[in-house]
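Please work through the following exercises with the structure in view. Each task is followed by a solution in steps.

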There are 2 protein chains.
Amino acid sequence: MSPKPVLHTVLSPKLLDIYDIKNSIVVVIDVFRATSTIATALYNGAQRVIPVDSVDLCIRMGKETSGITAGERDGKVIEGLAYGNSPAEYPRSFIEGKTLVLTTTNGTRLLHLALNNSASEVITGSFPNLTAVCDHLIAQQKNVILGCSAWKDRFNLEDTLFAGAVINRVKDYFSIHCDSSLMAADMYTLHKQDMLQFIRKTTHWHRLAAYGLEADLEYCVTPDVANILPIYHKGNLVLL
Amino acid sequence: MSPKPVLHTVLSPKLLDIYDIKNSIVVVIDVFRATSTIATALYNGAQRVIPVDSVDLCIRMGKETSGITAGERDGKVIEGLAYGNSPAEYPRSFIEGKTLVLTTTNGTRLLHLALNNSASEVITGSFPNLTAVCDHLIAQQKNVILGCSAWKDRFNLEDTLFAGAVINRVKDYFSIHCDSSLMAADMYTLHKQDMLQFIRKTTHWHRLAAYGLEADLEYCVTPDVANILPIYHKGNLVLL
């Protein structure tokens, strides 16, 4: 029997380069709200999501692909873009068959770091596609990095809770000797029954709830409501 | 009434520069074992502890100060130095009135980063001096950074648990809106009753227990057994 693959949790993009991620699957986690919105758009039939890290690039790629441009700052659609970061903006009736060009900062930065560090595969995860992520990791039997996008490099709880939810499901299939993973699993176990209350204590909740996004945030921690697997391929996130 | 000072927890030296630490008190935390040993040596009457980040500097400072040189690698005293990193090596009968020149990597690095970033004061903390740290922070009414030394920049549980123990005691006196602090407080609350069992799950325990250091590690998570406050002053850690 070959040894189990290794799983690590990385709590901030700034800590990614401590780890050897060659030949690993990197799960980019940005629960509030980029990877929740990505899962939702693809679940609802978007052809692809193009993650970009600047408004200028978003506008340019939107023109090149005839895609929908999207991005928010301080809870409002960024000037020059057409839509926001809310998963609720992308029902099937609107997004099916279309290209979504999504500007995010934290998640996109981590995704590019992972590619630059030779990850063998990059997928995105959040509660809406929890089971799809777990099933894929178990099936692949490769080393895994659960990459929390954090907020401006600061540790955040919602990404950590998702990492813990994944570990809770996949732990029998991996070798896990990593304090970040132990902590994430503990935090998830501690709060899985009071998740909707607990996330109201997080820093990000306070930042976003001020913009009236409570329903969005509750959706983002609801398991399997958009249960597909986004995988990065040549600049696009597409369905596996 | 003036607003409460702000407290943040920093989970790795690599994340320190995200925070504005000017005019803040930085608590350097390296539970296994540097800051536990520092508290113990000063509690037992050491005149001062000089933290250094290299073996060469340790040897040179040892000569200049007629001090005791100390440092370990892989559980053994480093060649060229006289003693190890264990708090048990520094009873009053041995260390009273002497200078200890201590080589550490993680804790010393964080300490120098804090000084370079204009911290107003640097103190060291671990469970053996928990109450002294908390009393000082409450009395000073300044902004606080609880700085976890981590291990080669990787998040570790034992430093986080100590941060949580401090937060648990001082939270009424500070404004705390920081997911790292929320998590640390939760982890401490979850494990304060089973600390001696829980630390056996940590990565660092596995690393050090292999060298037969279990008694050392249990001492390092015992509150108030060396309850003094080490403060950094012109290259030395001394009693406040």
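The model is predicted: local features need pLDDT of at least 70, side-chain atom pairs count only at pLDDT 80 or more, and totals for chains, interfaces and linings use all residues. Residues are numbered from 1 along each chain as its sequence is written, and chains are lettered from A and ligands numbered from 1 in the order in which they are written.

**Exercise 1.** Determine how chain B is laid on chain A.

*Solution.* Superposition is by least squares on the C-alpha atoms of residues with pLDDT of at least 70 in both copies.

**Exercise 2.** Describe the contact between the chains.

*Solution.* Residues are in contact if their C-beta atoms, placed from the backbone, lie within 7 Å. Chain B gives 25 residues and chain A gives 25 residues. Of the interface residues of chain B, 100% are also interface residues in chain A, so the copies meet through the same surface.

**Exercise 3.** Characterise the packing of H5(A) against H6(A).

*Solution.* Helices are DSSP runs (H or I, at least four residues), numbered from the N terminus. Helix H5 (residues 130-140) and helix H6 (residues 157-170) of chain A pack at about 50°, with their axes 10 Å apart; axes are lines fitted to C-alpha atoms over the stretch in contact, and angles run from 0 to 180 degrees between N-to-C directions. Angles under 35 degrees count as roughly parallel, over 145 as roughly antiparallel, 65 to 115 as roughly perpendicular and the rest as oblique; H5(A) and H6(A) are therefore oblique to each other.

Terms used. Two residues are in contact if their C-beta atoms, placed from the backbone, lie within 7 Å. Helices (H or I, at least four residues) and strands (E, at least two) are DSSP runs, numbered from the N terminus.
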